[in-house]
Amino acid sequence: MKRSSSKLSIAGVAIVCFLGSTACADMTLFDMEWGDPVTWQWIAGTPGVGGPGTQSHEVSSAQKHSGDFSLKWRYTFPTPVGDIWPVIEMTCGTGLNDWTGATGLGTWMYFDLTGAKTDWTIEPVITNPYPTITGLGNWNSGADGVPNNTWTQHVWSLSGVSPLAPVDHIRWQYHTGDGWQPISKSNNVDIYLDDIFLAGLPPGPPTTTTLVLWDMEGPDPATNPRVAPPASGGTVSTAISTAHAITGNSSLLWRYQLPENPVNDTWILITLPTPTGKTDWTGSLGLSAWMYFDLTGAKTYWTIQPHPWNGATRYDMGNWNAGGGGVPAGQWIRHLWDYSQAAGLDLANVTATDWDYHLGDGWIPLIKAGNIDLYLDDIGLYGLGGPAGIGPEWALY
Ligand SMILES: [Ca+2]
Ligand SMILES: [Ca+2]
C-alpha cells in the first residue's frame, strides 16, 4: 500500500496562540487538516472482560478544535465491560524533529465517553535515536476534574528531556477504567486529538531540512547485497518495487529469502554508493531513512545500522533496534542517526553507505519460512541549511 501523499507544506503550518500568551510562541505540529499522520496499534489490554475490543482511527469532521477536522481514535467494546484496564497506543511522526528550545509538548483532546463512567489518562512518550524513550508523565482527567465531551488542552513539560533534536516519534498512550471507575457502556469510546503543538518555540518555519540522496525512483542503487557469515544461508536480493513507497511511486525492496524454518540470528547488508556530486555531506547532522518491514508471519527483533565510507574506512553510526523500541512491522517508520558515533568520519567525501540489517539478533529467532522484505525510501541527510528546492523536513509527512 502506498503511503498517502498527505504533506504539510509551509503554507499549511499553523501558529497557534493561546489566551494569556504575550507572544505567539507555540508551533502546531499536526492540525489534522491535511491527512492522517498516525499509525496505531494495541500495546496491551485486559482480556477476559468482554474481550479486548478493537480500535480504529480516521480523520473526522465530527469534532474539531481547529479547522474542519481532527484525528478520531475509536475504541470499540464488544460488550459492556466492568473494570477493564486497556492501554491503547498510537504512534505518529514528529512533524518537526528539532524541538530545541521548546518547553513543552501539548495537545487538544476531546473524549466522547457518552454513556460511560470512567476516568482516563493520557501520556505522550517521545523517542530519539538509538533509541532513547522518554515518558512525559500521565495526565489523569479524573484527578484534574476535567469533564468529558469538551475540548481540553494539556501541555507536558519538556524540562530535563534531552536530547530534543532529533525526536523522531511520539507515542500516545491512553488508559481508561484504571481501577477507579469501570467502563459501563458497550460500543464505542471516541477520542479526538487536534492541534498537537510545541510550546515555547519562537514563531516561524523551521530551518531543518532533509536532502534526499536516494528516492528509489530510478534504477536500483544497491550493490553487493550479501549474507555475511556465519549466517544460516539463504539469498539476498534488491529491486525497485512499487508495492510500498513513502514518496513517489517506488522504494527499494531488500528481500531476504530464508533457507529454512526457523533461522536463528543472522545479518545481511547492502551497499548504497553515494550519488555522484553529493559526496560532500558537510553541514548535515545525520542520516534519515524511511523503512517498511514486512515481517508478516515472522516473530523477530531486528536492528538496522548505517556505515558511511570514506577512503577505505567504514564508520559506525550505531544500531537502531526496532524490537527494543517497540516499533511494529507493517508500517513506514522513519529513523534518524546522527554522526556522534561515527568519530573521525570526513563528511567532505562520503562515497558509500553500508546498511547492516540484523534479524533475530540472538533474542527471538525467526519462525517463518519464505521471504523477509525490507523496503527503504527517501534516505537522505537531515539538518542541512535548506538548499533551494529541498522541502522542509516535515513535508515528508
Ligand atoms: Ca484541526
Ligand atoms: Ca520513492
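Biologist: What percentage of the residues of the protein count as buried?

Modeller: This is a predicted model, and the protein in it has 397 residues. A residue counts as buried if 20 or more other C-beta atoms lie within 10 Å of its own. The share that counts as buried is 41%.

Biologist: How many strands does the protein have?

Modeller: The secondary structure includes one helix. Among contacts with a separation of 6 or more, 79% come from residues 24 or more positions apart. The number of strands is 25.

Biologist: Which residue stands opposite R226?

Modeller: Strand β15 covers residues 223–227, and three bridges join it to β18, residues 266–273. The two strands run antiparallel. In β18, the residue opposite R226 is L269.

Biologist: With which strand does β18 pair over eight bridges?

Modeller: The pairing is in the antiparallel sense. In it, T266 stands opposite L359. The partner covers residues 352–359 and is strand β24.

Biologist: Is D195 buried or exposed?

Modeller: D195 is in strand β13, residues 187–199. Its phi is positive, about 50°, although D195 is not a glycine. Most residues other than glycine have a negative phi. Because D195 has 24 C-beta neighbours inside 10 Å, it counts as buried.

Biologist: What is the phi of N224?

Modeller: N224 is in strand β15. With 13 other C-beta atoms within 10 Å, N224 is partly exposed. N224 is not a glycine, yet its phi is positive, at about 60°.

Terms used: Residues are numbered from 1 along each chain as its sequence is written. Chains are lettered from A and ligands numbered from 1 in the order in which they are written. This is a predicted model: local features need pLDDT of at least 70, side-chain atom pairs count only at pLDDT 80 or more; totals for chains, interfaces and linings use all residues. Helices (H or I, at least four residues) and strands (E, at least two) are DSSP runs, numbered from the N terminus. A residue is buried if 20 or more other C-beta atoms lie within 10 Å of its own, exposed if 12 or fewer, and partly exposed in between; C-beta atoms are placed from the backbone. Two residues are in contact if their C-beta atoms, placed from the backbone, lie within 7 Å. Two strands pair if DSSP finds at least two bridges between them.
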